[in-house]
Amino acid sequence: DLPPFADAADAVVGGDCAYCMLPLENSRDGFLSTTLRMMTDNDLFVTRVCACADESGVVTRFALLCREGDALPDGGDDVQVALRLSLKSTDTLPGLFTAMAALGVTFVRTASQPLGYTDGYAQLCTFSGTREALLAFLFLPAAARQNCILLGVYETVTPA
């Protein structure tokens, strides 16, 4: 019997282990907001994402999580950044998309997450590009005075 996801996150936060791997989505429910809530509540950081396909070809992504200071070094040039953006206005995303094109950053995916303490939503966005382009891009939400939480800087690996 496997321990609940919260036990894995607590073990990392408490220092009992350096890393845990939790699903970011599943084939039945899609994106798992429980994992994201644990990440933001416990300041866990994504260091790798593993995309695994089942026998029917459905891909599920899993995140290797750690405390931010324990992040693994990135080995490649093409990395991804995950952000949680609590948007103050609908003008924010189009402005970010315009800046992305100029910097050479690619939009990978987004999902909405309800914010429990307001009636609003946060956008959970993933972007791809070179380290230099992503570093420049990370300054934009702060410059636009958006509430932004960095969830991880990572490479996606696919098992052979």
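Which residue just after α1 takes a positive phi? I looked, and found Gly 15, with a phi of about 85°. Helices here are DSSP runs of H or I with at least four residues, strands are runs of E with at least two, and both are numbered from the N terminus.

A note on the source: this is a predicted model, where local features need pLDDT of at least 70, side-chain atom pairs count only at pLDDT 80 or more, and totals for chains, interfaces and linings use all residues. Residues are numbered from 1 along each chain as its sequence is written, and side-chain values use heavy atoms, with hydrogens and water left out.

**Helix α1.** I checked which of its residues are buried (under 20% relative accessible area, 1.4 Å probe, protein chains only). They are Ala 9, Ala 11 and Val 12. They sit on the same side of α1, because their arc around the axis is only 155° (taken from the directions from the helix axis to the C-beta atoms).

**Cysteines.** I found zero disulfides (pairs of cysteine sulfur atoms within 2.5 Å). Cys 66 is buried, with a relative accessible area of 0%, and Cys 20 is buried at 6%.

Technical notes. Buried means under 20% relative accessible area, exposed over 50%, partly exposed in between (1.4 Å probe, protein chains only).
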